Amino acid sequence: MQSLPFLLAKPVDVAPLWLVERLARLIFSGVLKAHPDLFERLGTYRQARYCFSPTDLPLHFTVVPAAQALMVSRGQPPQADARVEVPLLLLLGLLEGRCDADALFFSRELSVTGDIEAMLALRNALDDSAIDLPCELGRLAGPLSSLVAGTARYIRSKALEGRDATWN
């Protein structure tokens with residue numbers, strides 16, 4: 001499985017942008033709370049604007065590390081210093097360090113444009129961060145925490161089957 005299953009993609013596709021952005025910011029905030037020094041290794045690239053464009057969703061996620069800000073948009077990609085295009089599940093696998101970015105790049109499943117050095121700095125900043133997105137989703141689910149985290153882990157394992165090779 002490389003792209004987001006229809007049953008997961010369709011709700012995201014039709015959801016109001018403010019709702020998608022709110023959920024993305026909650027997850028982003030949780031990751032930053034669990035990893036407060038995540039962007040420290042970026043150096044001067046903390047000021048850069050990073051855009052992540054899932055190829056299987058009409059969304060763009062823009063991160064500005066210095067401001068600890070995340071914006072979500074639809075339509076044309078926003079201005080950014082560096083941009084990555086890859087299916088969402090592989091993007092999330094990269095964030096967690098569960099996919100080999102080099103292999104995805106050379107197989108043309110991942111496209112990087114703009115400031116490659118900034119993107120490499122971000123990749124290095126993610127090294128050893130041990131981000132666990134199912135855990136973060138579980139934290140947001142309150143009493144349904146274990147159900148949500150377990151479901152997310154299952155989806156992750158199916159999505160990354162045969163690709164679960166860390167690069168860090």
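Reader: Which residues of E1 lie on one side and which on the other, and are they buried or exposed?

Author: In this predicted model, strand E1 covers residues 50-54. In a regular strand the side chains alternate between the two faces of the sheet. Both faces of E1 are covered, with Tyr50, Phe52 and Pro54 on one side, Cys51 and Ser53 on the other, and all of them buried.

Reader: Why is E1 described as largely enclosed by the rest of the structure?

Author: A residue counts as buried when its relative accessible area is under 20%. E1 is largely enclosed by the rest of the structure because the buried residues number five of the five.

Reader: In what order do the strands of the open sheet stand?

Author: Strands of a sheet pair through backbone hydrogen bonds, either parallel or antiparallel. E1 and E2 run antiparallel, joined by three bridges, whereas E1 and E4 pair in the parallel sense over five bridges. E4 and E5 run antiparallel, with four bridges between them. The pairing of the five strands is mixed, and their order is E3-E2-E1-E4-E5.

Reader: Which strands stand at the edges of the sheet?

Author: A strand at the edge has a single partner strand, so one side of that strand is left without a neighbour in the sheet. The strands in this position are E3 (69-74) and E5 (111-114).

Reader: How are H2 and H6 oriented to each other, roughly parallel or roughly perpendicular?

Author: Two packed helices are described by the angle between their axes and the distance between the axes. For H2 and H6 the axes are 10 Å apart and the angle is about 115°. Angles of 65 to 115 degrees count as roughly perpendicular. H2 and H6 are therefore roughly perpendicular.

Reader: How many nonpolar, polar and charged residues does the contact of H2 with H6 have?

Author: H2 contributes Leu23, Leu26, Ile27, Gly30, Val31 and Ala34, while H6 contributes Leu133, Glu136, Leu137, Arg139 and Leu140. By class, the contact of H2 with H6 has eight nonpolar, one polar and two charged residues.

Reader: Which helices are included in what covers the buried residues of H6?

Author: The buried residues of H6 are Leu133, Pro134, Glu136 and Gly138. What covers them includes helices H2 (17-34), H3 (88-95) and H7 (145-159).

Definitions and conventions: Residues are numbered from 1 along each chain as its sequence is written. This is a predicted model: local features need pLDDT of at least 70, side-chain atom pairs count only at pLDDT 80 or more; totals for chains, interfaces and linings use all residues. Side-chain values use heavy atoms; hydrogens and water are left out. Buried means under 20% relative accessible area, exposed over 50%, partly exposed in between (1.4 Å probe, protein chains only). Helices (H or I, at least four residues) and strands (E, at least two) are DSSP runs, numbered from the N terminus. Contact means heavy atoms within 4.5 Å. Two strands pair if DSSP finds at least two bridges between them. Axes are lines fitted to C-alpha atoms, for helices over the stretch in contact, and angles run from 0 to 180 degrees between N-to-C directions. Angles under 35 degrees count as roughly parallel, over 145 as roughly antiparallel, 65 to 115 as roughly perpendicular and the rest as oblique. Ala, Val, Leu, Ile, Met, Phe, Trp, Tyr, Cys and Pro count as nonpolar, Asp, Glu, Lys and Arg as charged, and the others, Gly among them, as polar.
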